[in-house]
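Let's take a walk through this structure together. Have a look at the chains first, and then we'll go from one meeting place to the next.

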Protein chains: 4
Amino acid sequence: MKTIQVGIIGAGRIGKIHADNLMKLANVEVKSIADLFADEDLNDWAAARGILNVTKNNLEVIQDPEIDAVFICSITDTHVPLIMEAAKAGKHIFCEKPVSMDITQTMQAVEAARINGVKLQIGFNRRFDHNFKRIESGVKAGEIGNPHIIKITSRDPNPPPESYIKSSGGIFMDMAIHDFDMARFICGSDVEEVYARGAVLIDPIFGKYEDVDTALITLTFANGALGIIDNSRQAVYGYDQRVEVFGSKGNMAANNDYPNTVEISTKDSVYRDKPLHFFLERYNAAYMEETSLFIQAIREDNQVAVDGNDAIQAELIALAAKLSIKLGKPVKLSEALGLAEGG
Amino acid sequence: MKTIQVGIIGAGRIGKIHADNLMKLANVEVKSIADLFADEDLNDWAAARGILNVTKNNLEVIQDPEIDAVFICSITDTHVPLIMEAAKAGKHIFCEKPVSMDITQTMQAVEAARINGVKLQIGFNRRFDHNFKRIESGVKAGEIGNPHIIKITSRDPNPPPESYIKSSGGIFMDMAIHDFDMARFICGSDVEEVYARGAVLIDPIFGKYEDVDTALITLTFANGALGIIDNSRQAVYGYDQRVEVFGSKGNMAANNDYPNTVEISTKDSVYRDKPLHFFLERYNAAYMEETSLFIQAIREDNQVAVDGNDAIQAELIALAAKLSIKLGKPVKLSEALGLAEGG
Amino acid sequence: MKTIQVGIIGAGRIGKIHADNLMKLANVEVKSIADLFADEDLNDWAAARGILNVTKNNLEVIQDPEIDAVFICSITDTHVPLIMEAAKAGKHIFCEKPVSMDITQTMQAVEAARINGVKLQIGFNRRFDHNFKRIESGVKAGEIGNPHIIKITSRDPNPPPESYIKSSGGIFMDMAIHDFDMARFICGSDVEEVYARGAVLIDPIFGKYEDVDTALITLTFANGALGIIDNSRQAVYGYDQRVEVFGSKGNMAANNDYPNTVEISTKDSVYRDKPLHFFLERYNAAYMEETSLFIQAIREDNQVAVDGNDAIQAELIALAAKLSIKLGKPVKLSEALGLAEGG
Amino acid sequence: MKTIQVGIIGAGRIGKIHADNLMKLANVEVKSIADLFADEDLNDWAAARGILNVTKNNLEVIQDPEIDAVFICSITDTHVPLIMEAAKAGKHIFCEKPVSMDITQTMQAVEAARINGVKLQIGFNRRFDHNFKRIESGVKAGEIGNPHIIKITSRDPNPPPESYIKSSGGIFMDMAIHDFDMARFICGSDVEEVYARGAVLIDPIFGKYEDVDTALITLTFANGALGIIDNSRQAVYGYDQRVEVFGSKGNMAANNDYPNTVEISTKDSVYRDKPLHFFLERYNAAYMEETSLFIQAIREDNQVAVDGNDAIQAELIALAAKLSIKLGKPVKLSEALGLAEGG
C-alpha cells in the first residue's frame, strides 16, 4: 500500500494532535510541519517523532511535490488563502473550522477545491464521537421515527483569554459552530431559520467585544423539525456536551462521558467524579477517527465525511445567529446569505 | 381545631381528585359538590364518600354560609364569574389553571379576591412536585449560584381529542402555561420577553384550530437569565417532565419519575420500564400537597403558595407566546399586555 | 359491603402504621387497640382517629365478638400465645415478623391457624415494594430465564440501641429474616442450605450479645440457584435495599429509591441526595398494600399473600444461619430443623 | 533514553496485544516473538509491525543478549520453566496469570526472579481499569472509611469451548483468579479464609471436568472485612464487571462500561446498548497501562505494580476455593497451602 505523505500547517495544540494521530495510521507519514513561529521547541517536538522538515514557510509544505495532503490548523484568517494554494497545488485538504469568518470567501475556497478535484474535509470532529454517532445512526435508522425536536447542550469548562475572545469571531462562529454542524448532522436536514438570544452573564469582557458568553439558539429545519442549542462559556463542572432528539416514535438522549462509573455514597450525598474535563479528553477518539476517515477517503477515492457544504451551512447558521442577535428577530439563512453577498 | 367546610365546583377528573385529597386532611369536610351535569353516577360517587350535597347549581355551594372555601374545577370560561361570586360571598378560593383566556378578566378576578380579603390559590400543582421543589430550593439556596439558563421539557403522552383541542385555548394557554409558571418558580424572576416557534408535526387537526402540537419557547427573564421550554402533545414513551437550571456555580437537572428502579439486561439491550404515564401518576403527591397547603393557609391566615399574580404572569407569557407565533418575532410581556388591554 | 372490624395488639410504631393504613380502606374499621403500656398519649392518638376502645388487655380485643381480625404488633415473645388465642377465637390474624424465636412454636401457631380455619398473614412487607414486585414478576414471567444467582443487599442506616439488640434475637432473626423471605420470593424456590459469615465491625456491643453487625449469607436453593445476602447494621448514607437476580437470559437489578431525581453538578462532583432514609419512607406504600391485600383476602376468602409456611421457612433459614456461624460451616435447613426439634 | 528491547513468548491473542501496546511506547522495541506454532501468518503479522525475529524456539528469545525483558504469554504449564530460564538469563519478566496450577512451583518461580534480581510482573490487568483504580484509590484515601464488605461481580459473556475448559484449571484458577487479586487490591488486605459454592447451571460440560460454571465465593480478610464474589461463565448481555466496597463511612460502586451514553425511550421501554462486550473492549486501556508501568519499573528500577506475591496469594485463594467446594466447608489459606506443600 502506497504511503500517504502529509504536511501540517500550524503547530498549535490541534495541529500537534492531528500529527500524532496521523502517525498512528499505517502507511501514513507526516513529512513536514510549518508554523510561522517555529522554534527550538517545535524542532525538538518534531525530531522526537521523526518528522523531518520544520519550516516557517507554509508554501514550502504546500508545494512539496511529495506531499499528498495538508492539514490546515493555522489561525482562521489564513485558511482561505491556504486552501486556494493547496487546491491549486493538487493537495487534498483537511481544514479546521471555521473555514473563514466571511461566507463568500468560504464559498470560494470550497469551489477552488472542487474545481481542482482535491478532497476537502472540515474539522467537525464531534460527528465522530461515540455518543453522537449512535444518535445519528439511530435517527437515520428510524429508531425514534421522524425527528421533531433537536436539543443540544454545549458548554465549555472555562472562558478563553481576552486575546482569544478578541479574534474568535464571537461565540457563534467560534464555539456554537460545532453545534450548528451537529444539529444538521443528527436531524438529517438543513436549517432554514435561526433565532438567537444571548447574554453576558459570566464576564463583562465578552460585552466589550460585542460578544455574549451565554446563548440560546432556536433553529427551524427544512424538514419541519425545531432545534434548540444552549451554550455557555463556563460550566464549572467541566465540559457539558449532550444531545437529544425527540421524534414521532421516541426520544434519544446522549449524556456526558465520565472518567469512571464509580458512584460514592456517604453521609452527605451520592456523588461521582465530574464529566471528562474538556475537548481533548472527550473527543480524543473522535479526532483519531476523523483523521483516519480522511486518509481512507484519499486512499479509496471516496467522498469525505464532512465536506465543504457542511462548512458553508454551519457558517451560514452562525452568520444568521449573529444577525438575529443584532436585529432582535429571527433571520432566515437566505437573508443572511443575501446580506453577506451584498455586503 | 375548627373543621373547614369545602365546596367543589366542577366534578370532572380534577374536581374529584381535589375532593378525595381534601377528605384525607384532618378537620376538613367536603360538604357539597356542584356540577352542571350532575347525575346518578355523581350521586353514588358522593354518597360513597359521605359528601352530603350534590347540586347542579354552583351558587348553592357558593352561597352556603357554612362553606369556608370553594374549589373551582369547572371549565375555564366559568372561572372568572365564579371567582367574582365566591369573593363577594367571602369564600376562600382555589382555582384551576388558567383563570381565564382573557388576561384583563383574570386581573379583575384577582382584584376581586384582593378587595374581598379572601385567599385565592391557583392550581399550578407542579410547584409541589418533589423533583421541582428540590430544584427550586437548591437554586434559592445558591447551590448552583446565579441561574443563567432554565430548561424545561414538558411533553404529554397523548394528544387530547378534537373536542378538547377546539376549546383548549391552544397549547400555550392550556399546556405550556404550567411550564411558564415553572420557569418563573425555579428562576426566581419574572419573564420579560418571549419568542415562540411552533409546528404541526403530530396531527393536522391542531392546524385546523390555528394551534400547534410542537413548540419551542425562548424566555428572557428580568434577572438576565435565558429560558427554553420544549413541548410536544405526544411523547410515545409517556409523560416527559424534566427541568434543568444551569448557573454560575453548577447545574441542577431533574429527570423523570419511574414506576420502579429495576434495570433489566438481556441479549438485546439494557432496559427499564417507561416513566410514570401521565399527570395523575406523576403529580399525585403534588396535588395532595397543594391542597394541604391551601387549607393550611386558610387555617393559619398565611399567604397562599401560588397567588393571583402567578396566574396573571403565566397567562401573560402564554399570550406573548401566541402573539410571537403570529408575528414571527419576539414579543415583550408589556407589549402583549398593551395589546390585550387595548383590544 | 360489610364493614370489617379490626383490633390492633401492640401500639408501637408499626401497630400505629397498620392502624392508619387500615383506616384508609373503605368499609374497614379499627375498633380497638390494646397495649400493655396504654397511657394518656395513646388515648389521645386513638381519639383523634375515632378508635373507640383503648385497653391494656389483649384478650379484650381478641374475645370481642364484633372483631373480625387482629393485627399482632406486640413484642415477639407474645406472638405465639396471641396467635393461639386469636385462632381459637376465630379471628383472622396478621402477625408481624418473626412469629417467634422458636421454630417449633412457630409451627404450632401456624397449625393452630390452619385448624381453626382463620387466615394468617405474616408481615413481610417488602414483598409489596414496587421494585421487588417488579423483579419477582419479571422472574416469574421468564424475562431473564431461569434464576442462577440471587443477590440481596440490605443495610440499615443506624444500629438499634443496646436494649433492642439484647432481645432482638440477633441479626438473622431480627433483620436478615426479611431478606430470607425476599430470597425465596424472588427466586421462586425454597432454600436448602445456608452458610453465614459474620463480623463485629461497627460496635463491640453486638459482640457482647453474641451477635454480629455485619454478615454475608450464602444460600443454596432447591432449584439449584445460589444466593448471597449482605447485611450491615449501619450504612451512613441511609437505607440500602437492593436486589438483583441473574438468570440464563439476563439480569434484573433494583436500585434504591431516592427522594427525588435531581442531579447536581458542581466544581467538585456530580451528586444527588441520599436514598430514602429508612423503612418508613422506603416501604410506606408496601405497608399499605400488604394491609389492603390482607383485608381483601378476608373479604373474598382468598389465600393470603404471605402465609404461615413463609414464616416457618424464613425462620428456618435464620436458624441455620445462626448455627452456621456457630459451627463455622454450611448448615442444611433439615439439620437446623432436626436440632431445633430435638432441643 | 536507552531503548528497551522486548521479546514476546506466545503469539496468541494476548501476546499480540502486549506486542502492539509495547510498540506504542517511546524507546521500546519488540525485537522477537516466539511461538511453538509460528507460521506464515505470524511472519506476516510480525513483518507488518517491523518485528524482526519470529521463532519457534523460546530459548532463542530468552538467551538473546540484546533483549532486556520477556513477556510470557504461552500456555500456563510453560510459565514456570520459562520464568526460571528468563530469571537465570537476567531478563525482566512479565508473566500472564496464573503463573502455574501448582502453588509450590509458583513459589519457586517467584523465588528465582528474586534471587536473580529481575523484575517479575503478573498480568492482573484489571488493577489498571479506570473504574477499579478509582475504587482502590478512594478506599486507600479513606473516602469511605474502613472497608467492611467487598463485592465483586464477574461474569463472562460466553463459556469457552470444551478444549479450553479441559485444561483451564477450573473456574477458580482460570477466571475467578482475577477477582481474587481484585479483592485483595481493593480491600488492601490479604485473605485468610475462603468458602466457595458452585453449580453447573449453564452447560453440563463443566460437570464433566469436575468444574462449575456458576460460583459464589465468600472471603474473610485479615483486616476483618468480608468479601463475596459471584461468577458466571455466561451473561447473555455481555461482560459484567462490577465492584463495590462498603465501609464505615460509605459505599463505592463501579458499574459496567458502555459503548455510549445514549438512552432511548420508546413506547415499549427506556433502553441503552449493552455493556462493552468482553475483555478486549473493556480492558483495552488497562492492558496498555500495565505494559507501560512494567517498562517504567524497568527503566526507573522501581517496584513492579503487581508482584510475585500477588500471584501466590491469588493462586492460594483459588486453591482454597477448589478445596472448599470439594470438602463442602470453609478452608483457610494456611490449610490450602499445607495440603499443597504436603501433597
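A salt bridge here is a side-chain nitrogen of Lys or Arg within 4 Å of a carboxyl oxygen of Asp or Glu. Before we use that, a word on the model: it is predicted, so to speak for local features pLDDT has to be at least 70, side-chain atom pairs count only at pLDDT 80 or more, and totals for chains, interfaces and linings use all residues. Residues are numbered from 1 along each chain as its sequence is written, chains are lettered from A and ligands numbered from 1 in the order in which they are written, and side-chain values use heavy atoms, with hydrogens and water left out.

Over all chains, the structure holds 125 salt bridges. Take one inside chain B: Lys208(B) pairs with Glu162(B), with the closest N and O atoms 2.8 Å apart. These two sit in distant parts of the chain, 46 residues apart, with Lys208(B) in helix 9 (residues 205-208) and Glu162(B) in helix 7 (residues 162-166) of chain B. Helices (H or I, at least four residues) and strands (E, at least two) are DSSP runs, numbered from the N terminus.

Now to the place where chain A meets chain B. Each chain brings 39 residues to the contact, where contact means heavy atoms within 4.5 Å. Together they bury about 3000 Å², 65% of it on carbon and sulfur atoms; buried area is the accessible area (1.4 Å probe) that two parts lose on being put together, summed over both. This interface has 8 salt bridges, including one between Asp230(A) and Lys151(B) at 2.7 Å, N to O. It also has 13 residue pairs in polar contact, both residues at pLDDT 80 or more. A polar contact is a pair of N or O atoms within 3.5 Å; within protein, one must be able to donate a hydrogen and the other to accept it, and residues adjacent in sequence count only if both atoms are side-chain atoms. Which strand gives the largest share of chain A's side? Strand 10 of chain A does, with 6 residues.

How do the two copies relate? Chain A can be laid on chain B with an RMSD of 0.0 Å by a turn of 180 degrees and a shift of 0.0 Å along the axis, superposing by least squares on the C-alpha atoms of residues with pLDDT of at least 70 in both. The copies are thus related as by a two-fold rotation axis. Of chain A's residues, Lys329(A) comes closest to that axis, at 2.7 Å (C-alpha). Since 100% of the interface residues of chain A are also interface residues in chain B, the copies meet through the same surface.

Next comes the contact of chain B with chain D, which takes 15 residues from chain B and 15 residues from chain D. The buried area is about 1100 Å², and carbon and sulfur atoms give 60% of it. On chain B's side, Lys267(B), Val270(B) and Lys274(B) lose the most area to chain D, together 37% of what that side buries. How many salt bridges cross here? The rule finds 0, though there are 4 residue pairs in polar contact, both at pLDDT 80 or more. Strand 14 (270-272) is one of the elements of chain B giving two or more residues to this side, and it gives the most, with 3 residues.
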